[in-house]
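Visitor: Could we go through this structure together, beginning with the charged side chains?

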Amino acid sequence: MYGKVITTAEVADEFGESLPEWVEIRIASDAYRQRILELQINKGEASTIALAIELTDSAVILDDYKARKIAESLGIPIIGTIGVIISAKKLGVIESIKPYLQKIRQTNFRISEEIEKRALEESGE
């Protein structure tokens, strides 16, 4: 779905498992910018935004409200996890978003009933 998937070492550490080989790990070169962002949001989100500032023609996957607002204010295109799932359905990568929403509900990921309802409508389910 995406030309290249890049993440940061901080996000990879938070994930806690090995990432697929097609995910590239990079470190933002401006550590100061990242530390400033860490005063407002967690390390993973701060590193993601700091790296996105350095990369041209990129978008970030962010779900945290505060991190999304910071990225938007910096002009960084964002998409959330649910948006990625909807895109996968629209592109024919997956047949239905329902199984993924069910899996998400079994985690500590918070999704409101309204967002879930809109996601199902947008994906035609």
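Visitor: How exposed is Lys 69?
Guide: Lys 69 is partly exposed, its relative accessible area being 41%. Buried stands for under 20% relative accessible area, exposed for over 50%, and partly exposed for what lies in between, with a 1.4 Å probe and protein chains only. This is a predicted model, in which local features need pLDDT of at least 70 and side-chain atom pairs count only at pLDDT 80 or more, while totals for chains, interfaces and linings use all residues. Residues are numbered from 1 along each chain as its sequence is written, and side-chain values use heavy atoms, with hydrogens and water left out.

Visitor: Which side chain meets Lys 69 in a salt bridge?
Guide: That of Glu 72, at 3.3 Å from N to O. A salt bridge here is a side-chain nitrogen of Lys or Arg within 4 Å of a carboxyl oxygen of Asp or Glu. Both residues lie in helix H4 (residues 65-73), three residues apart, which is about one turn of the helix. Helices (H or I, at least four residues) and strands (E, at least two) are DSSP runs, numbered from the N terminus. Glu 72 is partly exposed as well, at 41% relative accessibility.

Visitor: How many salt bridges does the structure hold?
Guide: It holds eight. One of them joins the side chains of Glu 116 and Arg 105 at 2.4 Å, N to O. Glu 116 belongs to helix H7 (residues 113-122) and Arg 105 to helix H6 (residues 98-105), so this pair ties together parts that are eleven residues apart in sequence.

Visitor: And is Glu 116 buried or exposed?
Guide: Glu 116 counts as buried, at 13% relative accessibility, whereas Arg 105 is partly exposed at 46%.

Visitor: What about Glu 114: which side chain does it meet?
Guide: Glu 114 meets Arg 118 in a salt bridge of 3.8 Å, N to O. The two are four residues apart in helix H7, and therefore separated by about one helical turn. Elsewhere, salt bridges with shared partners join Lys 4, Glu 24 and Arg 26 into one network.

Visitor: Changing topic, which residue has a positive phi although it is not a glycine?
Guide: Asp 57, with a phi of about 55 degrees. Its place is the loop between helix H3 (43-54) and strand E3 (60-61). Asp 57 is exposed, with a relative accessible area of 81%.

Visitor: Where is Met 1 placed?
Guide: Met 1 sits in the segment before strand E1 (5-8). At 45% relative accessibility, Met 1 is partly exposed.
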